[in-house]
Number of protein chains: 4
Amino acid sequence: MIAILKHGTTPAQLQHLVGWLKNMNLDVHISEGSEVTVLGLIGDTSRVDMELLKSLDMVETVKRVSEPYKQANRKFHPKDTIVEVGSARIGGGYFATIAGPCSVESEEQIIEVAQAVKASGATILRGGAFKPRTSPYAFQGMKGEGIRLLLEAKKATGLPIVTEIMNISALDLFDDVDIIQVGARNMQNFDLLKELGKTNKPILLKRGLANTIQELLMSAEYIMSEGNEKIILCERGIRTFETATRNTLDLSAVPVLHSLTHLPVVVDPSHATGKADLVAPMAYAAVASGADGLMIEVHNNPACAMCDGAQSLTPAQFDEVAHHIAKIREAIQ
Amino acid sequence: MIAILKHGTTPAQLQHLVGWLKNMNLDVHISEGSEVTVLGLIGDTSRVDMELLKSLDMVETVKRVSEPYKQANRKFHPKDTIVEVGSARIGGGYFATIAGPCSVESEEQIIEVAQAVKASGATILRGGAFKPRTSPYAFQGMKGEGIRLLLEAKKATGLPIVTEIMNISALDLFDDVDIIQVGARNMQNFDLLKELGKTNKPILLKRGLANTIQELLMSAEYIMSEGNEKIILCERGIRTFETATRNTLDLSAVPVLHSLTHLPVVVDPSHATGKADLVAPMAYAAVASGADGLMIEVHNNPACAMCDGAQSLTPAQFDEVAHHIAKIREAIQ
Amino acid sequence: MIAILKHGTTPAQLQHLVGWLKNMNLDVHISEGSEVTVLGLIGDTSRVDMELLKSLDMVETVKRVSEPYKQANRKFHPKDTIVEVGSARIGGGYFATIAGPCSVESEEQIIEVAQAVKASGATILRGGAFKPRTSPYAFQGMKGEGIRLLLEAKKATGLPIVTEIMNISALDLFDDVDIIQVGARNMQNFDLLKELGKTNKPILLKRGLANTIQELLMSAEYIMSEGNEKIILCERGIRTFETATRNTLDLSAVPVLHSLTHLPVVVDPSHATGKADLVAPMAYAAVASGADGLMIEVHNNPACAMCDGAQSLTPAQFDEVAHHIAKIREAIQ
Amino acid sequence: MIAILKHGTTPAQLQHLVGWLKNMNLDVHISEGSEVTVLGLIGDTSRVDMELLKSLDMVETVKRVSEPYKQANRKFHPKDTIVEVGSARIGGGYFATIAGPCSVESEEQIIEVAQAVKASGATILRGGAFKPRTSPYAFQGMKGEGIRLLLEAKKATGLPIVTEIMNISALDLFDDVDIIQVGARNMQNFDLLKELGKTNKPILLKRGLANTIQELLMSAEYIMSEGNEKIILCERGIRTFETATRNTLDLSAVPVLHSLTHLPVVVDPSHATGKADLVAPMAYAAVASGADGLMIEVHNNPACAMCDGAQSLTPAQFDEVAHHIAKIREAIQ
């Protein structure tokens, strides 16, 4: 870590600061130039409160030279992490196609969708049982019963399943779930992350609406610091001023994450765009950017004819998308 | 709720849509114009999934006419809510000055600061016991022991206390806490909100970094829908592209919230700006904008001489700020 | 255009408003419901000041049903516009690869780069002569001499050229330029747009850093309203809170623009990301999202060995990228 | 300027980089640590292309120690600049109340409003003659005739006038205008800024919708670098994700600017919020934050009764606001 001090820092101030830093078991190298003084902090700087340091009157700026995440850091783990779930693998050249309905609604629905997406090549089944909703009056999901139905669909198709947890007190219900999803709104629910770090389940960690790539990696680090290294990162759109799409899909996060971390990165074009007709082009773009997987909403609701065109793809549309995914993966070899 | 349908919607599509809406117990008034068809939905539209409706192919746009929050809505509760905590009141003309250190560090520290801020006119003591930190390696607060020390400071000064909860499993520790704070990162931790709605403690609800004013009110509604109406809203800066300040303090949220809700609104200029020299002008601006209270960090750390100038004010600086607050409140009468 | 009036609007207020709207030659259809009154405005609403209407006390919301752009609108011009420049075509299935250095620096440099990118398959040469720079003290480009050198490179290779204009007073210098570029900072320099609308040169219009897709189309409309329909839109990243990349490339703008307008859309991954190692993955993603072209910085500066790795690609890296572009275009057929 | 090089930079790379920097007439101090190498660049670093330097493969980060603006910098000009226009002064303790209609519409209108706002204490008259409009089909202002009417109002009241320029070719029309305004969309129209730098008129420079505080100061520097030092900076809201207000007024920009520059800072709450009922609280907040002036829209349109409640204040509402401004200015002494 490098701290640059303002012009005019007195020797007494400098001495105070250096003393404080040494109390944190850091070695401090001082380089006094004609314009500024540069401090090089050597040691375990992951415990230094950068915000506090930066806010000191005498400090011009602070810059981490080593990233604040260790276990998620590619520098220390150059080899890609491959997460295995049942028959599926994600990362290190393995691509996962995760598909399924937004919410689990009935046994018939989830099994039909599961069979359809499997036939098109999906490797993992998604479906919401606990639904985080902005309004307390909106449908909050089938909860435990939803998980039970997902397990039925797993039995019927052999597809491993992924579903979201909102509260650590529900963890027992996830015993047979293959991948536990942490939603965007819980990305910095640090207590939840720590508890999930004590399990040995793969965790699909979604980027928060207004969180930086570094914050996403720090949240992965929370899980890893408790011992669980099976993490799949998911880009699902960030909040910007643009209103033509629900969120702005930040695909440059894919190669940036690949350079910073060994963890696999998947992309969710359905939630990011909020419109079915944007899912295919954004899915293709995600694959071309190097993503290790896709997470796509597919519904199968003949009773709701007007739902065509909403955020979810029909099984036929998904089949078309899945076909192109394979071709694009070849094209970028 | 108004739904505007696209030009070219067929009668069959229209009939499907209307049938689906009527299944939700809504009355649907259809007004077919030469260019568009407008549907007026009458009934309890708070349960309608606006995102789904909007994403239908035939729908041009959807607009709520009634806000999706009921109990937090000034339309139905025109009178200002006044939250009482011990000797302090917030809202409806009562102003609260909440002050104290970022983190509780020791008994001596918290009692000294409490006495100092009380002498300057603070009405509530703040202090962090559980600290949400981006890094798993950073100091996470004194936890239960921190709450015990806050209670000592309360005993010594008579000031009611406010401190943050991160996890509902810690609720027992908050039995004697006067106001429970929900931090920005937990503003959409809906399960936590629901549990807090079952308590009868005042809740200080901070706006999330990337959350809209309406989402803040929906989170208040989560708490209120479970029976707890003692909510204090807090603006503490939003995330934007500007990097000169830690966050961008959105003071227009104060009059906007006052027009939409009867709940009191306080402002935290310390976290929003991240720099001590910006706290005073932003505190003054918050008061002038009509805020019902301020939340200001004050430290008292003679051993850390270099900390002057950081995000926290010294007791002397706070005294100066408190003096001006009173004068500005008079000036805007 | 639909205007929804607030509950409680008096008949007198309604009469005033309707009179004012009729004065603008609009037909007004009034539909009074039990909760709200909906006005349908029929006629040329492109002249209605939506902001003013929205800000009236009695108005709940205003929604355009027809887009405010006419000539750029796909609804009225369903067929893709194909822009022809010399041997190159953009749009309607034709893909343009625009490549060249950030700034023109010397005759040798620009000709060498032009020959290299042509050999790899580039169809248009780019190069900055007038450089918009944040600092008045930074290099502002070779100006007229830069254009002269671009024309030399055009003569040497046959490639049509594109370069940026910053000021309409320099228009004479652009007589032999094939495509005139309007930079992101000038996207809403409306007087410049109108003057360019009077030329018959193709215009490459870059999206502003903080401009919505609709604003980009309104700026295209400014040019088209003066008679020039040869416009190429360019997505080049928007400003968000994320700092890992220079800007956030908004690739969903590509399919959104394709649905709204008949104009071709190209993507500039070099400026959006600011890092050479992100150019290839983002170029591939842009192609997969359906872009009609790419704009890529390529340098050739053996004297500046350390420049490798900066924002620009080397000719060898560009060759690799160009090769994959062709393969991805096939894969998405 | 400090450049921090990545671990693993070879001596040959270092030598290349240092040679390149020395070619720019910079002294380079090299400090090799165990983890990183820090270069201190001494000399006129305002010409160094920070983006290029940052994008080099071997460079971890670059940090300016001296700000890139010189003439606008308080470090070199500690005394507040006071801009004098006729009877009005702005900055250094002098407060300017700028008021008037959004657009000049008629002689009667502008003179009536001018007289009304003068009676309430306004010191400068505003009014738009050239109107930057998103749509080419919207009213673009009365142009030259609008300026003539503003001059009539000036004659009738003695108030100096401020109005916006959109194009340097119109400069002749501004001969008798007291303050020339550069709108938010032209903040980085560098050629316009340079031309205005050659005049000796005070310039009111509005912050762009998505521009940082530093970029605002760099645009001021463009004007100053050509010799014109009479600049008034104006905060008028930035673009964020929040839609409850038209823009997000960034009041912390006021004290931040006061610490960085000697130039006066005014605030425009009318455009920032877009709603009349938010103008008063935001005007009060701006005064309390230390602004040197306000810019407020006031209309006087008895023929348009329904316009009450729109973005502009009525003369009576403005009178009330002006009264409170004076009281708040006293309260913060």
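**Figure 1. The contact between chain C and chain A.** In this contact, 36 residues of chain C meet 36 residues of chain A, two residues being in contact if their C-beta atoms, placed from the backbone, lie within 7 Å. On the side of chain C that touches chain A, the elements that give two or more residues are helix H7 (253–260), helix H9 (276–288) and helix H10 (315–331) of chain C; helices (H or I, at least four residues) and strands (E, at least two) are DSSP runs, numbered from the N terminus. H9(C) brings the largest share of that side, 8 residues. Sorted by class, the side of chain C that touches chain A holds 20 nonpolar, 11 polar and 5 charged residues, where Ala, Val, Leu, Ile, Met, Phe, Trp, Tyr, Cys and Pro count as nonpolar, Asp, Glu, Lys and Arg as charged, and the others, Gly among them, as polar. The model shown here and in the other views is predicted, and for that reason local features need pLDDT of at least 70 and side-chain atom pairs count only at pLDDT 80 or more, whereas totals for chains, interfaces and linings use all residues. Residues are numbered from 1 along each chain as its sequence is written, while chains are lettered from A and ligands numbered from 1 in the order in which they are written.

**Figure 2**

**Figure 3. The contact between chain C and chain D.** Here 46 residues from chain C and 46 residues from chain D take part in the contact. At least two residues of the side of chain C that touches chain D are supplied by each of helix H1 (11–22), helix H2 (50–55), helix H5 (190–197) and helix H6 (213–224) of chain C. That side has 21 nonpolar, 14 polar and 11 charged residues by class. Chain C is superposed on chain D (RMSD 0.0 Å) by a rotation of 180° with 0.0 Å of shift along its axis, and in chain C the C-alpha nearest that axis is that of Ala210(C), 2.8 Å from it. Because 100% of the interface residues of chain C are also interface residues in chain D, the copies meet through the same surface.

**Figure 4. Packing of helices H5 and H6 in chain A.** The axes of helix H5 (residues 190–197) and helix H6 (residues 213–224) of chain A come within 7 Å and cross at roughly 45°; axes are lines fitted to C-alpha atoms, for helices over the stretch in contact, and angles run from 0 to 180 degrees between N-to-C directions. H5(A) and H6(A) are therefore oblique to each other, since angles under 35 degrees count as roughly parallel, over 145 as roughly antiparallel, 65 to 115 as roughly perpendicular and the rest as oblique. From H5(A), the contact is made by Phe190(A), Leu193(A), Lys194(A), Leu196(A) and Gly197(A), and from H6(A) by Ser219(A), Tyr222(A), Ile223(A) and Met224(A). By class, this contact of H5(A) with H6(A) has 6 nonpolar, 2 polar and 1 charged residues.

**Figure 5. The covering of helix H5 in chain C.** H5(C) is mostly covered, with 6 of its 8 residues buried; a residue is buried if 20 or more other C-beta atoms lie within 10 Å of its own, exposed if 12 or fewer, and partly exposed in between, with C-beta atoms placed from the backbone. Those buried residues are Phe190(C), Asp191(C), Leu192(C), Leu193(C), Leu196(C) and Gly197(C). Their cover includes strand E10 (179–182), strand E11 (203–206) and H6 of chain C.

**Figure 6. The surroundings of Ser270 in chain A.** Ser270(A) lies in helix H8 (residues 269–273) of chain A and is buried, with 28 other C-beta atoms within 10 Å. Leaving aside neighbours within four places in sequence, Ser270(A) is in contact with Val279(A), Ile296(A), Glu297(A), Gln311(A) and Ser312(A). Although Ser270(A) and Gln311(A) are 41 residues apart along the chain, their C-alpha atoms are separated by 6.1 Å.

Definitions and conventions
Copies are superposed by least squares on the C-alpha atoms of residues with pLDDT of at least 70 in both.
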